[in-house]
Amino acid sequence: PRIDDIRAVAPRLVGPIDELRQLTLADFRKIAPTPTQAVNRIVEKIDLIMRDSYTKRTEGIRALRMSPLMGTYTAILNTALSMKRKIDHVLAEELERDRRGMTAAEHAALGGLNRQLRI
């Protein structure tokens, strides 16, 4: 590619619900230094959305449920269930394959978030 083939992409503004829908594990790690603090920030965001309406809160929770972050969380649960193995063992194997994989602390924090939001 030549230099004149490269064009800047205009930044897109996304609202808090779209932000939740697009949340990845890498984004989750950038939110706060610990998984528990990151979960607290997500809950704060959902509470902020709820100030508009309870319907928006539900929409935010649904968006989070569809996010790549929660997809990873659910895939780990499904793998553990289908293989009849402990979640910690599945997470350890995932981390051996990919050092950027979800940690046990992150998985536990997301489990707490699910219980807290009842999703």
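Is Arg 100 buried or exposed? At 63% relative accessibility, Arg 100 falls in the exposed class. Please keep in mind that you are looking at a predicted model.

Arg 100 also takes part in a salt bridge, and its partner is Asp 98. The closest N and O atoms of this pair are 3.4 Å apart. Asp 98 is partly exposed, with a relative accessible area of 31%.

The count of salt bridges here comes to six. Three of them, including the one just described, are set side by side below.

| Salt bridge | N to O distance | Accessibility of the Arg | Accessibility of the partner |
|---|---|---|---|
| Arg 29 with Glu 106 | 2.6 Å | Arg 29: 31% | Glu 106: 6% |
| Arg 97 with Glu 94 | 2.8 Å | Arg 97: 63% | Glu 94: 29% |
| Arg 100 with Asp 98 | 3.4 Å | Arg 100: 63% | Asp 98: 31% |

Let us turn to the pair formed by Glu 106 and Arg 29, which meet in a salt bridge. Glu 106 counts as buried because its relative accessibility, 6%, is under 20%. Arg 29, in turn, is partly exposed at 31%.

Where do Arg 97 and Glu 94 lie? Both belong to helix α6 (residues 87–97), and because they are three residues apart there, about one helical turn separates them. Arg 97 is exposed, with a relative accessible area of 63%, whereas Glu 94 is partly exposed at 29%.

Methods. Residues are numbered from 1 along each chain as its sequence is written. This is a predicted model: local features need pLDDT of at least 70, side-chain atom pairs count only at pLDDT 80 or more; totals for chains, interfaces and linings use all residues. Side-chain values use heavy atoms; hydrogens and water are left out. A salt bridge is a side-chain nitrogen of Lys or Arg within 4 Å of a carboxyl oxygen of Asp or Glu. Buried means under 20% relative accessible area, exposed over 50%, partly exposed in between (1.4 Å probe, protein chains only). Helices (H or I, at least four residues) and strands (E, at least two) are DSSP runs, numbered from the N terminus.
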